[in-house]
Amino acid sequence: MKKMLKVLSVICAASIMLFAFAGCGSNSAASGSTASTGTASTAPSTDAAASTQVSAENAPTIVWWQIGTQPQNLAEGVAKINEYIAGKYGVKIDIKVAGWGDYDTKMNTIVNTGEAFDIMFVNNNNYNRFINLGALADITDAVQKETPDLFKFIPEKVWNGTKLNGKIYSVPTYKDSSITQYFVWDDSIVKKYNIDYANIKTLKELDKPFHAIKAGEGKSYYPLQMIKDDGFNGMFNKYDDLTLGLRPMGVKIDDTSRKVVSVLEQPDVMEDLKQLHQWYKDGIINPDAPTLGEAPKKLPFFSAQAFPGAEASWQVDKGVEKYVMAQQFGPIFTTSSIQGSLNAISANSKYKSEALKFIQAVNTDAQLRNMLAYGIEGTDWQKVADNVIKRTSDTWTLPAYSQGTFFNMAAVDPNPADQWDAVKKLNEEAAASVTLGYALDISNLSTEVANCKAVWDKYKYELQTGASDPVVMVPKIVKELKAAGMDKIMAEAQKQITEYFK
């Protein structure tokens, strides 16, 4: 309990100025010192780094795996970035992109086969597992000695959220470490069907407007379009997965007894799974959702972890004239939300120091940050005011949340230059999961975790998109999970939690 009170006191005393997209969530979500003011000028100065000129011809190339949709002009954009960073930071970058639906499989293949890379975007789905496989470099000392600006810029609380057994294996993206979930709507659909979107907070309340849209738009129109890996984003937000990345087990965020439970069997989760399945049968959900890897543009509705103002970027990315959104859940801090977006260095990288210094540059150099987040100036975006840009194309599709902080980056028109103050406010208001600060140590559970994840991977796409009947499938999944070792994981998690919070 003393540890919990200490963590909570830090939250009350300090604000985290952070940013995230849905994906970040998407895909999952991932969570004391002084924070920035949310403007580019607060990032540490890189003048010292800039003064050390390095021959661009001799600059090593850092291979960086990222998640998302590969931009059509990626090669051109990376060339512009390399023109900027080769002499200034002594490196070049080779950005490789794994699609939203293929990311987990691709990263697992890279790690398991020993394919060379230098930096990899990781999250709470694979972070601890990759550490235990020895794939990620321990940067505990290096980040303090070699990149002191980076270490000082990110609050201690956020660094602590990345630790396993007291060691740092990744650089967290300094953003909205608290989870805030939104329902996002195409404004033209809202107006056409007179939807009271601001007061819709649950899946049950979505049923009536979804059926109205389906009836009005026709048989081949799907109000809720999903992809296999995400399903209905945020469905399991009420349960802390203890950074395991295995949704079928966890602790309810407000359960002060901190009881580890079988999440799929909880009444509230089962009710939502039943609703999804009914929508799938009714043609509300696209029939290819369990196999679709990339979401189509112009989505009429989606659920996403976000913050006020995120709709401005989605409008460009998805080619929709106007999105409106309403907060549905949160904000709340969890260790998993801190681990929702991390960048780790390969344990086998030949350029560990150079890779770490590049990550520092991403988090401290406003010009580099805008190039990574928005693409090519004059092609994909243009500056319209101090610290404000306007996106002029939808070509650059890399998700900014997976790259680095947003507090050395411009706001997107029509948002004001102080847009990130809204993120600060969310974090100041955020509650805390009852297990905040705890991460499950799986060092003695690697076989059981791997087996359980294999079971979950086999069924999750159909279950999370509504394609399978949860009444039939949940008992089957739970039975297989228990055979794979879930009871052992849950018992060990309960033991560790009891010890951690005593």
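Two strands pair if DSSP finds at least two bridges between them. Helices (H or I, at least four residues) and strands (E, at least two) are DSSP runs, numbered from the N terminus. This is a predicted model: local features need pLDDT of at least 70, side-chain atom pairs count only at pLDDT 80 or more, and totals for chains, interfaces and linings use all residues. Residues are numbered from 1 along each chain as its sequence is written, and side-chain values use heavy atoms, with hydrogens and water left out.

**View 1. Strands E9, E5, E10 and E15 form an open sheet.**
The strands follow the order E9-E5-E10-E15, and their pairing is mixed. E9 and strand E15 (431–432) are the edge strands, each pairing on one side only. E5 pairs with strand E10 (residues 323–333) in the antiparallel sense, over eight bridges. Look for valine 184: methionine 325 in E10 stands opposite.

**View 2. Helix H11 lies across E5 and E9.**
H11 runs at about 30 degrees to E5. Axes here are lines fitted to C-alpha atoms, for helices over the stretch in contact, and angles run from 0 to 180 degrees between N-to-C directions. Contact means heavy atoms within 4.5 Å. The buried residues of H11 are Leu203, Leu206, Pro209, Phe210, Ile213 and Lys214. Buried means under 20% relative accessible area, exposed over 50%, and partly exposed in between (1.4 Å probe, protein chains only). These buried residues pack against strand E5 (178–186), helix H10 (187–192), helix H12 (267–282) and strand E9 (301–305).

**View 3. H11 bends at proline 209.**
The bend is about 25 degrees. It is the angle between axes fitted to the seven residues ending there and the seven starting there. Helix H11 (residues 203–217) has 15 residues, so at 1.5 Å a residue it should span 21 Å. The expected span is 1.5 Å times one less than the number of residues. The end C-alpha atoms of H11 are 21 Å apart, which agrees. Just after H11, glycine 218 takes a positive phi of about 110 degrees.

**View 4. Strand E11 is covered on both faces.**
In a regular strand the side chains alternate between the two faces of the sheet. In E11 (residues 342–345), Leu342 and Ala344 lie on one side, Asn343 and Ile345 on the other, and all are buried. Strand E3 (residues 119–122) pairs with E11 in the antiparallel sense over four bridges. Strand E4 (residues 171–172) also pairs with E11 in the antiparallel sense, over two bridges. Asparagine 343 stands opposite phenylalanine 121 and opposite valine 171.

**View 5. Tryptophan 65 sits in strand E1 (residues 61–67).**
Tryptophan 65 counts as buried because its relative accessibility is 7%. Tryptophan 65 and phenylalanine 121 are 56 residues apart in sequence, but 6.2 Å apart in space, C-alpha to C-alpha. Leaving aside neighbours within four places in sequence, the contacts of tryptophan 65 include Lys96, Met107, Ile110, Phe117 and Phe121.

**View 6. Isoleucine 93 belongs to the largest nonpolar core.**
A nonpolar core is a set of buried Ala, Val, Leu, Ile, Met, Phe, Trp, Tyr and Cys residues joined through side-chain atoms within 4.5 Å. A second, separate core of 59 residues includes Trp185, Ile213, Ile285 and Leu440. Not counting residues up to four places away in sequence, isoleucine 93 touches Trp64, Val78, Ile85 and Phe358, among others.
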